[in-house]
Amino acid sequence: MPAGDGGLSRRTAAWSIGGLTRGPHRPDEEDDNLNRRRGFRSGRGIGSLLVAAGLTVFLATAGWMAMNSGRPIAPTVTPAPPTPLATLPTAGTTSSPTLTPWPTIASLTAPPPPSYPLVNSCNPTSVRGATPVPPPPARVKAGAFALQVPILMYHRIVPIAEAGDSLRGLVVPPATFAAQLDALSSAGWHTITLATLANDVQAHVKPEARTFVITIDDGWDDGYKYALPILGKHGFVATYFVIAGRIDHPGFLSSIQLQALVASGDEIGDHTMDHIGLARLASSKLTYEIEAGAARIAQVTGRWPESFAYPSGVFDARAVAAVGACQSLRIAVIEESVQPPKPAPSGTPPAAVPVALETWTNRFVVPRIRVSPTTTPAKLLAALEPLKAG
Ligand SMILES: [Zn+2]
């Protein structure tokens, strides 16, 4: 592995723009948080309501996007039949026949989510009907080539009131997200997916000026409900890193939402099956987390994922090698910049922090830029301006 040597280790950098005050990222804090969230919303009746609400949002969003965005709406994505919310219990021997009993939570039903057989393999033939990753655009050329396309890292795009106990530093309200993207769009910035960036790195193609990438981690359904319409307003695309084992779970993106995202030009990336730190995992578990996750995404979307994100940014040389061994994966991102600023000797300026660097050698440990809820549009623009050449 070009990038896999003993020098790779778990990163705990806490660099960010926007004055995020949280300390180094505890490796399992996202996972703890997600598990708490799952427990909080695990009621089947509540899940039914969410399914129905999600369907409504899907239909409304599709119509909205058709009117407001140049991005195509998937002609092949057919919403599920309406959830039978109006299944009322029999009135029985009520003494007031003119009153219709209000449906209880227990009486609400929803179609079961699709079930997928476990496929623990990145072999393209292991998922029938899924499109293998197309051949790279060109052979890797000799010689050094480096890009500095900024890759923004988001987690949740959701109102605080709906964020439960998610870490506040990971929750960007939709209005804030919209203001950030409005500013970037007005300044001439435009997006590509991480897979397209991988193509460019491989083919030594320099994207046009002011190109950037948006990534949204963990596969919450607010990425569809709130982020997608805002992205669509500007014709922006994003790479969504989903936890494959949570697809179709309450609060997370559903199969049909993921299919719609793909149809509208977004990319679905692999964020493992269970969102556990990959450093020092047993080989079989390491392979399972990466490959079963990739295969599940192929089952759901019909496309093998090309991009990978290490849960909580935790990795070691074995994890990097295991990602590289999955045939479809061509680029992987860590959490944020490679190293925090270090105190400089007196009289010398502090060393520059590499916030964006994409090369063939580091293609499986590519840094990202964390965007926090306190990142003002002006701060975001200022951070990206030095990277406008890509
Ligand atoms: Zn994550």
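1. Pairing here needs at least two DSSP bridges between the strands. Strands (E, at least two residues) and helices (H or I, at least four) are DSSP runs, numbered from the N terminus.

2. A quick word on what you're looking at. This is a predicted model, where local features need pLDDT of at least 70 and side-chain atom pairs count only at pLDDT 80 or more, while totals for chains, interfaces and linings use all residues. Residues are numbered from 1 along each chain as its sequence is written.

3. Now the whole chain. The protein chain has 9 helices and 12 strands. Of its 390 residues, 43% are buried, where buried means 20 or more other C-beta atoms within 10 Å of the residue's own, exposed means 12 or fewer, and partly exposed is in between, with C-beta atoms placed from the backbone. Take contacts between residues at least 6 apart in sequence: 77% of them join residues at least 24 apart. A contact is two C-beta atoms, placed from the backbone, within 7 Å.

4. Back to S2 (residues 151-154), which is covered on both faces. Ile-151 and Met-153 are buried on one side, Leu-152 and Tyr-154 on the other. In a regular strand, side chains alternate between the two faces of the sheet. S2 also runs parallel to S6 (residues 211-217), joined by 4 bridges, and Ile-151 has Val-213 as its bridge partner there.

5. Ile-151 is worth a click. Leaving out residues up to four places away in sequence, Ile-151 touches Val-213, Thr-215, Val-333, Ala-356, Val-366, Arg-368 and Ile-369. Ile-151 is also among the residues that touch the most other members of the largest nonpolar core, which has 87 residues; Leu-152, Val-213 and Val-323 are others in that group. Such a core is a set of buried Ala, Val, Leu, Ile, Met, Phe, Trp, Tyr and Cys residues joined through C-beta atoms within 7 Å. H7 gives this core its largest share, 8 residues.

6. Next, follow the strands on from S6. S6 and S7 run parallel, with 3 bridges, and Asp-217 is partnered by Phe-241 in S7. S7 (residues 239-242) is buried both ways: Thr-239 and Phe-241 point to one side, Tyr-240 and Val-242 to the other.

7. Which residues of H3 are buried? They are Phe-177, Ala-178, Gln-180, Leu-181 and Leu-184. Seen down the H3 axis they fall within an arc of 165 degrees, so they line one face of the helix; the arc is taken from the directions from the helix axis to the C-beta atoms. On the other side, Ala-175 and Ser-186 are exposed. The buried residues of H3 pack against S3 (156-157), S4 (171-172), H5 (222-233) and H9 (377-384).

8. Last, H8 (residues 317-325). Its buried residues are Ala-319, Val-320, Ala-322 and Val-323. They sit within an arc of 160 degrees seen down the axis of H8, so they line one face of the helix. The buried residues of H8 pack against H7 (283-301), S9 (307-309) and S10 (331-333).
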